[in-house]
Structure formats: C-alpha cells, structure tokens
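Open the model in your viewer and keep the selection panel at hand. The stops below go from one selection to the next.

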Amino acid sequence: MIDLRALREDPDRLRASQRARGEDDKVVDRLLDLDERRRSALTRFENLRAEQKTTGRSVSRSSGAEREELLARAKELSTQVKAAEAEAERLAEELDAAMAGVPNLIEDGAPAGGVDDYVVLEEVGTPPAFDFEPRDHLELGELLGAIDTERGAKVSGARFYYLTGPGARLELGLLNMAIAQALEYGLTPMIPPVLVKPETMAGTGFLGAHAAEVYHLPQDELYLVGTSEVPLAGYHADEILDGASLPLRYAGWSPCFRREAGSYGKDTRGIIRVHQFQKVEMFTYCRPEDAHEEHLRLLNWEKEMLAKVEVPYRIIDTAAGDLGTSAARKYDCEAWVPTQGRYRELTSTSNCTEFQARRLGVRYRDADGRPRYAATLNGTLGTTRWIVAILENHQRADGSVVVPAALRPYVGLDVLEPVNR
RNA sequence: GGUGGAGUCGCCUAGUGGCCGAGGGCGCACGCCUCGAAAGCGUGUGAAGGGCAACCUUCCGUGGGUUCAAAUCCCACCUCCACCGCCA
C-alpha cells in the first residue's frame, strides 16, 4: 500500500513510477478524485453524527412535548446519519480497492522497462573452462546419487524431486552455512509457519498480480508460502515496535511452495524450477531512512555467501517492470550455469520501503514518540537451486564434484563421488 | 469434533440502555519535595481519519441487528482457556 497523503502532495512521483513499470499512470487521477470525494463524504457523515449525539443526549434530559419534538428530530437524524455513513463507507471501499491495485513507488535510480531492461552492476569470478564435456546438474545429481526426479514425479508429480544421500547433505550443509553466517552478523534465526492466513499473504503483496503462483487450501482458508518473507513480514503485524530495537534482522529457514503456473515447459529438467524447495531468507525491519543502506548490506551478505560456494555470478539491478508489487528496488545475483551458458538467479534482495508495513500494520515509535510505518527488506542467503550451480561449476571429468572449501565442514565431505555408472 | 467459560486503554480491572463523552489501579513521562534517591503529592498518559486551527468522528475480539441512543440487549463468527472425544 502506498502512502495516500504523500500521493496527494506529489502525484507526479507516482505517475513517473507507474510509467517506469510500464503500467497505467491514469490511476493517479482516479485515486485523487476518489480520495477527494471520500473525504467530503466523511466530513458530511461526521457532522451529522455529532449533531445526532448531541440531540440524543438532550432527549434523555427532556420531557413532555419538548421530548417528543427532540425525539422526532433524532429519528430524522438517525436516517440521515445511516445514509451518510453508507456513502462514506462505499467511497472508502472503492478507494481501498483502487489503492490495493497500485504497486510500490520505485526507488530513484531503478532502471525503467521490463524483464530484459536490467542493468548489470558487477560480474564476479570467471566461468570455468572445462577440457571435457560438462554434465548438467541432473546428470551429475543422478550419477552422484544426490537427486532423484523420477521418484519425485512418481510420488508427487512433475517438478517434485528427492534429494538423496549426498544431495540431502549438500542442501543441509548449504543452509546450515547460511544460518551460521546469519548468526555471525547478529540475525535471529527463525523457523516460521509456512501456512498463513489470507491477510498475511495479501499484506506481503503476493495475492495481487502473482496470486496464481500461490498454493491455496480453501478448506482451511490458508495459503502455503512461497518464501519465509511472508511469515516473517507478518511476525510483527499490528505491532508498534520500540524504535530503539531497530533494525530487527531475522533469518528464516523454511520450505517454499510455488505453483509455477504459466511456466509450463520452462526448466522442466532437474531442480531449477520446482514446486517445493528450501530457503534461508534474511528479513529486516528498519527505519525508512535507513532502508537504502540496509538493502546494500543485505546484498553484501548475499555476495559473501556466493563467495563461499565459489561460483561465478553477476549482479543485476532489476528493471522497474520486473519488480514485484511490493518492491521499490531489487537486486538479483545470478550464478553461471555452464551447461546452459547463461546466468540463473540464485538470490534476490528487495527493498519494500513502507509498502508491506502499511498493509500489515507494522509500526515503530520514533524519537518524538509518534508511530511511523517501518520499512521491510528481504534477501536470499541460500536455496535448493544453489545446488545446481555448485554441482555444475565444481564438476570434474570423472563426474565427481569438489565441495567448495567453506562448505566442507557443513557437508562433511570434500568430494562427492559417482555411485551410479 | 463436542461441552462450558472468557475476550474493555501497554498490563490488571470497574462497568445490565442515556450521569461511559469509558472510571480505578499498576506501569510510564513530567513536575513538586530532596544534597541525591525512595516514598509521598500533582499533572499527563492509546490508535486511525478529517481540519490551518479550535476541534470533530471512529475504535470496548470481529461482523451484522434492535433502538432516537449500545461496552451494555439480540444473532453469527473469531481467538484464548478448561474438560471430553478422535488422531499422531
């Protein structure tokens, strides 16, 4: 949810933001008009209501003919108040509905345009040069007895898999390493619920344009989360945080569920795009004025994790049209996948400014004692997909895979050896 | 899943239709007192929206309803607690 008062003061800012996202900027005029009408309807209702209360009180103090007269007036006011209230409510609902469809204002500097208009900020490391034909991650995973997609499909369908033996160890090691790094920097590790109520899912902005991506359990009116960002954002919903406690930083470890609707035929091989995976996700609540700096801090922590697994990657500044509903700015780190000859997303960090907090009611008390909305940010420290980049980049001619040095203590193996020939 | 009880201002609590336009206590803030503190005394103490402001309106778990008027009466739902059943 964007700030209505800020919109009143500077509507051009939202117009520019909408255009950069490739979305309709006429919504601005509609919002301003609705807001104007809503406020005047509200004033009308409030004045009538005040008169009704005064009249009602004088009824109880009067008697006889005077009482009858006041009673008649009070009845009349009662009808008028009901009508005025209904009108104010109707306009408020209309405005809310219009506001709900408006994505966050983009941060200054975010590139305009769509998916392909990202800006490459940095390339780290160099793609490995193999003197043999590299195997893709699934072939390696099967060879090593680490990934079983056939049985995943048998039991649960397409885009499901088992991580077996060394594969399971690799994932646990990676995620444990992520938690260890999070602890090192003072983040609080969290294991959150992964089924959430509609208001939490909606509050984080996932029931808008991407609602089809979300698993829904209608019998219980719950949603399966696609990232622990959702329960971590809901954690402090409807709270007023102590300003001195900020920033609050969490690292959530959770399974993530995605329907992958509309991606039929894309990445059908292996574990690049799956319905269920695990992730360690950083989540920060901070003052809005500190959000930009915090965003860069999260990005740095992602870079540190990527350095530990020793895969070549690049950092992109996502274009406005490819930002989620809630994000004002987003940086993705994409690892080199040798058999695809391209970079694939391993991490994503978003600055959601006060957008999510406004919907979820997350506030803090500032130095003056006034409640203000907090900014929220999130960023990836590790996911199942990282296994793809690790296997492919560290493979050797015989099909074995060298475990990156930093990861070895967590995996308990130096090299993953082929078991199936 | 069943039965019973409960949900009021940060916490505890008063409150059975108009004097609740929510009282009291604790906590907190400020002031007085004090060398300083404690105690005591006094004042203040929520959120949202509108308004330049004075101020007004909304909020007593949520949503409906009755009434000129609802924390209070009626209906439904939610949450918590207790017990019972079922499952692991």
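Axes here are lines fitted to C-alpha atoms, for helices over the stretch in contact, and angles run from 0 to 180 degrees between N-to-C directions. This is a predicted model, in which local features need pLDDT of at least 70 and side-chain atom pairs count only at pLDDT 80 or more, while totals for chains, interfaces and linings use all residues. Residues are numbered from 1 along each chain as its sequence is written, chains are lettered from A and ligands numbered from 1 in the order in which they are written, and side-chain values use heavy atoms, with hydrogens and water left out.

**Two helices to begin**

Select residues 166-184, helix α7, and residues 386-393, helix α12. Helices (H or I, at least four residues) and strands (E, at least two) are DSSP runs, numbered from the N terminus. The axes of α7 and α12 come within 11 Å and cross at roughly 115°. α7 is therefore roughly perpendicular to α12 (angles of 65 to 115 degrees count as roughly perpendicular, under 35 as roughly parallel, over 145 as roughly antiparallel and the rest as oblique). The crossing of α7 past α12 is right-handed; a crossing is right-handed if the near helix is turned clockwise from the far one by less than a right angle, and left-handed if anticlockwise.

**The domains**

Now colour chain A as domain 1 (4-100) and domain 2 (115-416), with bounds from an automatic or database domain assignment. Their C-alpha centres lie 43 Å apart.

**α3 and α4**

Select α3 (27-61) and α4 (64-100). Their axes are 8 Å apart, and the helices pack at an angle of about 155°. α3 is therefore roughly antiparallel to α4. α3 passes α4 in a left-handed crossing. The contact of α3 with α4 has 19 nonpolar, 6 polar and 12 charged residues (Ala, Val, Leu, Ile, Met, Phe, Trp, Tyr, Cys and Pro count as nonpolar, Asp, Glu, Lys and Arg as charged, and the others, Gly among them, as polar).

**RNA strand B**

- Lys53: a side-chain N or O atom is 2.7 Å from a phosphate oxygen of RNA strand B.
- Gly56: a backbone N or O atom is 2.7 Å from a base nitrogen of RNA strand B.
- Arg363: a polar side-chain atom is 2.7 Å from a sugar or linking oxygen of RNA strand B.

Which element gives the largest share of the surface near RNA strand B? α3 does, with 13 residues.

**Two loops to finish**

Select Pro247, in the loop between β8 (239-242) and β9 (248-257). A cis peptide bond joins Leu246 to Pro247, with omega about -5°.

Last, select Arg159, in the loop between α6 (149-156) and β3 (162-163). Its phi is near 70°, a positive value in a residue other than glycine. Most residues other than glycine have a negative phi, and most peptide bonds are trans.

Technical notes:
Polar contact = N/O pair within 3.5 Å; in protein donor to acceptor, adjacent residues only side chain to side chain.
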